[in-house]
Amino acid sequence: MLEVENIETYYGKSQALFGVSLDIREREVVALLGRNGMGKTTTIRSIMGLTPACRGDIRFHGRPIRTQPSYRVARYGIGMVPEGRQIFPTLSVRENLIATAGNGSRWTLGAVYDLFPDLRGREQHYGNQLSGGEQQMLAIGRALMTHPQLLLLDEATEGLAPKVRRQIWRSLAVLKQQGLSILVVDKNVDALARVCDRFYVIEKGRVVWQGTPAQFQANPAIRVDYLGI
């Protein structure tokens with residue numbers, strides 16, 4: 001589905017990614033792991049066209065998208081949940097969801113509320129009246145309303161209470177069962193291992209390891225060397 005090959009991305013004159021390559025298959029959930037500042041968010045932004053890669057190839061269903069603007073990338077079927085949620089604070093839950101709704105029958109308001117029941121009772125509340133967990137649910141729901149084939153989820157549960165984290169992980173398991181492909185960034189390795197098919201580890205803008213969760217768990221040195229845990 002998604003092929004990223006040897007991309008290089010810069011912020012001004014500072015290079016952030018040095019030949020990053022990864023792929024995501026149909027109906028697959030993949031995790032991108034690494035310490036803070038190693039290039040995880042930049043990789044997601046490069047795929048989405050928000051911080052375009054200067055070199056390399058990015059293909060979605062065989063279509064080259066590296067030089068495409070982000071709105072076209074979204075139309076091709078890639079949805080993004082950014083780090084920090086970035087919901088519209090002065091729009092209601094309902095308005096946040098319909099503001100970015102695309103054409104399709106799978107994801108409706110009712111379907112999002114079924115996935116996140118907490119949002120149903122908060123439908124008329126503004127974004128800035130929601131808890132952090134509710135905002136994250138809303139951000140995921142907003143991305144789903146674009147009817148993506150691939151969901152990019154940056155820092156899925158960062159800063160959330162344990163109860164809310166469990167709700168987010170359950171929702172990702174449901175999305176996986178429904179066949180949605182997902183690239184997820186998070187620090188909770190054990191939770192990721194339960195839902196993901198493969199892991200990539202990034203260090204200083206380079207992919208330094210890839211494999212299955214079982215292979216990752218069997219190699220404690222990877223945690224220590226590249227994640228510091």
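Glu 28 is buried, with a relative accessibility of 6%. This is a predicted model, so that figure is computed from predicted coordinates. Where does Glu 28 sit? Its place is in the loop between strand 2 and strand 3 (29-33).

Glu 28 has a charged partner. Arg 198 forms a salt bridge with Glu 28, and their closest N and O atoms are 2.8 Å apart. The two residues belong to distant parts of the chain: Arg 198 lies in strand 9, 170 residues away from Glu 28. Side chains of opposite charge can pair when their charged atoms come close.

Now stay with Arg 198. Is Arg 198 buried or exposed? Arg 198 counts as buried because its relative accessible area is 9%, and the cut-off for buried is under 20%. Arg 198 also forms a salt bridge with Asp 23, with 3.1 Å between the closest N and O atoms. This pair, too, links distant parts of the chain. Arg 198 is in strand 9 (residues 198-203), Asp 23 is in strand 2 (residues 14-24), and 175 residues separate them. Asp 23 is partly exposed, at 25% relative accessible area.

How many salt bridges does the structure hold? There are 16. One of them joins Arg 55 to Glu 8, where the closest N and O atoms are 3.0 Å apart. Arg 55 belongs to strand 4 (residues 55-60) and Glu 8 to strand 1 (residues 2-11), so this bridge links parts of the chain that are 47 residues apart. Both ends are partly exposed: Arg 55 has 44% relative accessibility, and Glu 8 has a relative accessible area of 22%.

Strand 1 and strand 4 pair in the antiparallel sense, over five bridges. Glu 3 stands opposite Arg 59 in strand 4. Salt bridges also link Glu 3, Glu 5, Asp 57 and Arg 59 in a network.

Follow strand 4 onward. Strand 4 runs antiparallel to strand 5 (residues 63-64), and two bridges join them. Phe 60 has Arg 63 in strand 5 as its bridge partner. What lies between the strands of this hairpin? There are two residues, and His 61 takes a positive phi near 50 degrees.

Gln 68 counts as buried, at 19% relative accessibility. Leaving aside neighbours within four places in sequence, Gln 68 is in contact with Gly 49, Val 73 and Tyr 76.

In soluble globular proteins, nonpolar side chains tend to be buried together. Here, the largest nonpolar core has 46 residues. Which of them touch the most other members? They are Leu 175, Val 184, Phe 199 and Phe 216. Helix 6 (residues 132-144) gives the most to this core, with six residues. Take Phe 216 as an example. Setting aside neighbours within four places in sequence, the contacts of Phe 216 include Leu 33, Val 189, Phe 199, Val 201 and Trp 209. Ile 222, Arg 223 and Leu 227 are also among them. A second, separate core holds 27 residues, including Leu 32, Ala 53, Ile 65 and Leu 150.

Terms used:
Residues are numbered from 1 along each chain as its sequence is written. This is a predicted model: local features need pLDDT of at least 70, side-chain atom pairs count only at pLDDT 80 or more; totals for chains, interfaces and linings use all residues. Side-chain values use heavy atoms; hydrogens and water are left out. A salt bridge is a side-chain nitrogen of Lys or Arg within 4 Å of a carboxyl oxygen of Asp or Glu. Helices (H or I, at least four residues) and strands (E, at least two) are DSSP runs, numbered from the N terminus. Buried means under 20% relative accessible area, exposed over 50%, partly exposed in between (1.4 Å probe, protein chains only). A nonpolar core is a set of buried Ala, Val, Leu, Ile, Met, Phe, Trp, Tyr and Cys residues joined through side-chain atoms within 4.5 Å. Contact means heavy atoms within 4.5 Å. Two strands pair if DSSP finds at least two bridges between them.
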